[in-house]
Amino acid sequence: MPEEQISGASLGVLVRRQGAVVAALGLAAAASTQQALAAALAEAGDRTLFALPLPMGPGIATALRADGLEIVLLRPADSGATLLDFVAAVPFAFDIFEQILSDPYQGITVADHTGTMRYVSPVHEKFLGLPPGGGAGKPVEQVIRNSRLRAVVESGKAEIGQPLHFGNAVTRVVNRRPVRRDGQVIGAVGQVMFRDTEAVAQMAAEMQQLRTQLEFYRRELDGLRETRGAVAELVGDSPAMQRLRQEVQAVARLDVPVLVLGESGTGKELVVRAIHALGRPGQALVSLNLAAVPESLVESELFGHTAGAFTGSARQGRPGKFEMANAGTLFLDEVGDIPLDVQIKLLRVLEERVAERLGSHAAKPLSFRLVSATHRDIGALIDSGAFRHDLFYRISGVRLQVPPLRERLEDIPALLAHFVLQFCQRNGRPAPRIDADVAAWLADQPWPGNLRQLRHRIEEALVFSPPERLALAAFGRGGMLRAAPAPLPEAAAPARLKDHERSAALRTLAECGGNKKRAAERLGISRSYLYKLLG
């Protein structure tokens with residue numbers, strides 16, 4: 001390049017012999033640049049590439065030295081180049097490059113876009129038995145037999161953490177990355193780890209084990225969330241409710257018929273919903289209250305009918321509950337009220353798992369989970385001949401007993417909070433503050449209608465309460481509020497001291513909002529003894 005072209009370019013050339021300037025062209029012609037370059041050369045020592053602070057900003061310089069002669073090529077740093085930014089910002093940048101290239105623990109190989117090896121770091125040359133520079137200019141496969149640098153160049157996809165087998169049972173961990181310029185792959189860089197591969201392998205194994213454990217705990221957490229959501233409406237921590245929830249979880253995923261027993265209003269349908277949600281989520285839950293259907297229509301409701309099967313039948317026919325519940329759950333509520341003639345047909349469906357619509361002779365195979373419920377005494381119905389004993393055995397593979405409210409009065413504070421929250425969410429109202437004496441008063445009342453009656457009384461009180469507070473006075477509408485029962489005369493007092501203790505424990509627990517720890521402290525007894533009284 002002619003001197004006048006160098007002088008006009010954004011670069012400079014400086015030639016020195018024994019420290020004296022022989023020639024200075026372009027950017028190097030300025031005295032300020034020569035002064036900065038002299039300082040940078042002195043600091044660089046034997047390095048050939050170094051940062052250069054130019055008067056107009058950061059720069060970069062390359063020096064060639066031989067027999068007292070120095071030739072330096074310099075230019076401003078390109079602010080768009082990451083490498084030059086790094087060199088300009090870090091005074092020891094080239095020491096980092098030197099350390100990376102001579103790292104005894106990691107070998108580096110560089111191939112161009114043709115798959116020709118351009119560089120092999122010293123530690124890798126030593127490992128491969130090559131003389132210095134012995135791999136440059138050769139196809140990568142000649143230097144490393146099973147090298148994949150050419151494949152990375154061709155695919156443009158990185159390969160990270162891959163094993164590379166060198167023979168003699170020697171395996172190393174390799175990373176291969178494509179190098180791009182202006183969106184085009186111009187080469188590839190390989191990095192080989194030479195030490196502590198056993199530690200890397202162990203770490204990889206531990207990571208895999210952690211992933212396995214994480215997946216296990218994730219499934220467990222999903223199962224807990226599913227279970228908690230399914231049994232969320234089975235409110236209460238009394239021993240009876242804890243036992244019921246455990247039994248529901250135990251039976252829900254098994255293919256056995258379940259008979260739910262309990263008084264009216266105890267929440268048998270909540271148990272059924274929990275069984276279905278845990279056992280057949282995403283499938284249909286089909287219910288039929290046999291006590292609410294006229295006896296003449298029970299068979300049609302269960303089996304369905306074809307068009308014109310009987311007077312008043314649907315014109316297009318209609319599927320029965322068996323068909324609708326296929327693959328899901330069929331809930332027969334008040335199963336003790338099923339007519340005897342229908343019991344025989346129901347028994348056949350349960351035994352053969354097929355059903356025919358009324359007016360049809362085509363039997364359809366079925367697969368459903370049967371859950372039944374009743375408040376009636378099935379044993380007495382069997383003894384009187386009103387219920388077939390063989391059908392009883394078919395529907396009662398497992399029997400679950402739902403406790404009446406009088407046997408779980410310690411759950412009233414939790415039930416109160418649950419019903420209040422449900423009512424407020426359903427009606428878009430903020431949850432009110434509940435006076436402490438409300439739960440205590442509710443625990444002292446008789447509840448022959450069980451949960452259904454309790455919920456009705458709570459919701460009625462909420463209707464006529466201010467939105468910010470639920471007070472005991474709200475339960476007195478129409479003169480229905482009555483004080484706690486007065487103490488009985490001594491002659492009519494309960495015969496057992498334990499009856500007095502249980503009554504006091506229930507009242508105190510209600511006053512403490514269901515908090516058993518506070519109730520035990522107020523009573524001056526241990527929590528274990530409180531549980532004994534409540535059980």
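These are my notebook entries on a predicted model of one protein chain.

**Ground rules**

I number residues from 1 along each chain as its sequence is written. Because the model is predicted, local features need pLDDT of at least 70 and side-chain atom pairs count only at pLDDT 80 or more, while totals for chains, interfaces and linings use all residues; side-chain values use heavy atoms, with hydrogens and water left out.

**Entry 1: the whole chain**

I started with the element count. The chain has 21 helices and 21 strands. These are DSSP runs, numbered from the N terminus: helices are H or I with at least four residues, strands are E with at least two.

Next I looked up burial. Of the 535 residues, 39% count as buried. Buried means under 20% relative accessible area, exposed means over 50%, and partly exposed lies in between (1.4 Å probe, protein chains only). The chain exposes about 29,600 Å², and carbon and sulfur atoms supply 54% of that area. Such areas come from the Shrake-Rupley method with a 1.4 Å probe; for residues, only the protein chains shown count as cover.

I then checked contacts, meaning heavy atoms within 4.5 Å. Among those between residues at least 6 apart in sequence, 56% join residues at least 24 apart.

**Entry 2: confidence**

I read the pLDDT, the predictor's confidence in each residue from 0 to 100. The chain averages 82, and 83% of the residues score at least 70.

**Entry 3: an open sheet**

I traced a sheet of 5 strands. It is open, its pairing is parallel, and its order is β12-β15-β18-β11-β19. Two strands pair if DSSP finds at least two bridges between them. β12 (285-289) and β19 (398-401) stand at the edges; each has a single partner strand, so one side of each is left without a neighbour in the sheet. The twist averages 20° from one strand to the next. For that angle, axes are lines fitted to C-alpha atoms, for helices over the stretch in contact, and angles run from 0 to 180 degrees between N-to-C directions.

I walked across the strands. β12 and β15 (residues 329-333) are joined by 5 bridges, and Ser287 has Phe331 as its bridge partner in β15. Another 5 bridges join β15 to β18, where Leu332 partners Ser372. β18 and β11 (residues 258-261) pair over 4 bridges. Leu259 stands opposite Ser372 in β18.

Is β18 enclosed or open to the outside? In β18 (residues 369-374), 6 of the 6 residues are buried, so the strand is largely enclosed by the rest of the structure. Arg369, Val371 and Ala373 point one way, and Leu370, Ser372 and Thr374 the other. In a regular strand the side chains alternate between the two faces of the sheet.

**Entry 4: nonpolar cores**

I looked for nonpolar cores: sets of buried Ala, Val, Leu, Ile, Met, Phe, Trp, Tyr and Cys residues joined through side-chain atoms within 4.5 Å. The largest has 30 residues, and Leu302, Phe322, Leu330 and Leu332 are among those with the most contacts inside it. Elements giving two or more residues include β11, β12, β15 and α13 (340-352). The largest share, 5 residues, comes from α13. A second, separate core of 28 residues includes Val235, Leu405, Leu462 and Leu470.

**Entry 5: single residues**

I checked Arg408, in the loop between β19 and α16 (412-427). Arg408 counts as buried at 2% relative accessibility. Its contacts beyond four places in sequence include Val235, Met241 and Leu451.

I ended on backbone angles. Most residues other than glycine have a negative phi. Glu334 has a positive phi of about 55°; it is found in the loop between β15 and α13 and is buried, at 11%. Asn450 also has a positive phi, about 60°. Asn450 is in helix α18 (residues 450-463) and is buried, at 0% relative accessibility.
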